[in-house]
Amino acid sequence: MTEKLPDFTDIHILPMFPYTSDDGFSVVDYLQINPDFGDWSDVENLAQERRLMFDFVCNHLSKSSKWFQKFLTEDENFKNAFISFDENFDSSKTTRPRTSPLFTEIDGKKVWTTFSADQVDTNAHDPKMLARLTEVLLEYVARGASSIRLDAIGFLWKQSGTTSMHLPQTHEVIKLWRTLLDTLAPNVQIITETNVPHADNISYFGKGTDEANMVYQFPLPPLVLHSFISGNSSALTNWAKTIKPVSDSATYFNFLASHDGIGLRPVEDILSNKERDEIAEEVLKNGGKVSYKNNPDGSQSPYELNINYLSALGSAEKLLAAHAILLSFLGVPAIYYHSIFGSRNDQKAVQETGIARRINREKLDKSKLYAELENNPERKQIYEKLSQLLKVRKNERAFNPYGNQEILDFGERVFALKREYGKKNLVSIINISDEIVTLSLSGLDIITQTVFSGTLNPYQYVWISLD
């Protein structure tokens, strides 16, 4: 590959610590680098070249961690560090993301395990444990983190008789950490990861200045996918009209694909049951997996889709058009590496491990990848076109993540919006259908540097300058 890699400003390093399961999210030691990857000097060197986002898996630790082992031996300083079973605690309403038992007995102690028997929930109620977690956060800053992703933060605080999800105390912990970072490291950002319905998700902005600097925009991946599957942008357009600027220090973290699946809970109040089922059917048809959740009435509904985003959409043209939406939407865009490299489903990994999420976590060989980016037509097209979009976007002030956004309604086959920052104005138009669309709009397309006459071919996208 002769071109240099795209000039991303930030790199998200998935959990880089020793772990025992869950592809890194069952952390053994928050402050040690997995020796298979390197050491802290490698991280610090990388931080000299790019802004880095670290994962802080603060809700739980591996049962093999030193902290949990001290809890098991009843070390005085760790006796309340994790959550023990209490027969007087009413957990009947507790929100469950998985079907594994809520409590697990380990060496004679029954403890809270939200995600798996190997991932023991930390006890933020305990002042000593909260102080330890806070020290980890600050150590990440000292080690070069520019952003810190709070993984599964909504589960942090537990309270009897409640869902133990999004509790006020959880928000107070985030406010504490935001206050510390604003004072000690004002350029470091907190990003919350809460794969939940939209209203709960954006609650982590707090007042807009006191909690998360960014929240993951979880409705975007399923809504964009729905638009291309149905050829109808109405649901995406109507939801996008509700997205407004937050503050001059908070905005949205936009993405289409990630190391996890595509969650459908964020669109429970946006898409109908039928529409969500149709997405699930398309995913299954395209080689993906669907996880279902049990409903109170005994029925089941799709909960998470496990599939590579290119495979879900079906073609490079659709993937590029989808990313034109991502890159023009209000907030900060994040592109999963398998998307820009044009990867597809890794069925072999799923078959070998039985882990559905492995379908979009393929480990790539650098030399082979570079050769394919030159010689594989699909990979080459996606890589070069997305690299171009990134370059154009970087030089367009109208895309400032703290600017304004107005959703335009040009019909169900098109998704369109106007972006504005200062005196810069731009209209982004994406044809999400397989039909030619004609619009009464013309102007300079800054992507191709040609005049747009008003006709959009299937899956064509343009960024029209209004200056």
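**Stop 1: a helix pair**

In this predicted model, select residues 366-375, helix α13, together with residues 377-394, helix α14; the two pack with their axes 6 Å apart, at an angle of about 85°. An angle from 65 to 115 degrees counts as roughly perpendicular, so α13 and α14 are roughly perpendicular to each other.

Now show side chains at the contact. From α13, pick L369, E372, L373, E374 and N375; from α14, pick P377, R379, K380 and Y383. Coloured by class, this contact has four nonpolar residues, four charged residues and one polar residue.

**Stop 2: a loop residue**

Move to T113, which lies in the loop between β5 (109-112) and β6 (119-121). Is T113 buried or exposed? Its relative accessible area is 0%, and buried means under 20%, so T113 is buried.

Next, select T104: the side chains of T113 and T104 make a polar contact at 2.8 Å. To see the rest of the surroundings, leave out neighbours within four places in sequence; T113 is then in contact with R96, P101, L102, F103, T104, Q119, V120 and D121.

**Stop 3: the whole protein**

Zoom out and switch to cartoon. The protein has 14 helices and 22 strands. Its radius of gyration is 23 Å, close to the 23 Å that the globule rule gives for 467 residues, so the protein is as compact as a globular protein of that length. The C-alpha trace spans about 75 × 50 × 45 Å along its principal axes.

Colour by accessibility: 54% of the 467 residues are buried.

Note on methods
Residues are numbered from 1 along each chain as its sequence is written. This is a predicted model: local features need pLDDT of at least 70, side-chain atom pairs count only at pLDDT 80 or more; totals for chains, interfaces and linings use all residues. Side-chain values use heavy atoms; hydrogens and water are left out. Axes are lines fitted to C-alpha atoms, for helices over the stretch in contact, and angles run from 0 to 180 degrees between N-to-C directions. Helices (H or I, at least four residues) and strands (E, at least two) are DSSP runs, numbered from the N terminus. Angles under 35 degrees count as roughly parallel, over 145 as roughly antiparallel, 65 to 115 as roughly perpendicular and the rest as oblique. Contact means heavy atoms within 4.5 Å. Ala, Val, Leu, Ile, Met, Phe, Trp, Tyr, Cys and Pro count as nonpolar, Asp, Glu, Lys and Arg as charged, and the others, Gly among them, as polar. Buried means under 20% relative accessible area, exposed over 50%, partly exposed in between (1.4 Å probe, protein chains only). A polar contact is a pair of N or O atoms within 3.5 Å; within protein, one must be able to donate a hydrogen and the other to accept it, and residues adjacent in sequence count only if both atoms are side-chain atoms. The radius of gyration is taken over C-alpha atoms; the globule rule is 2.2 Å times the number of residues to the power 0.38.
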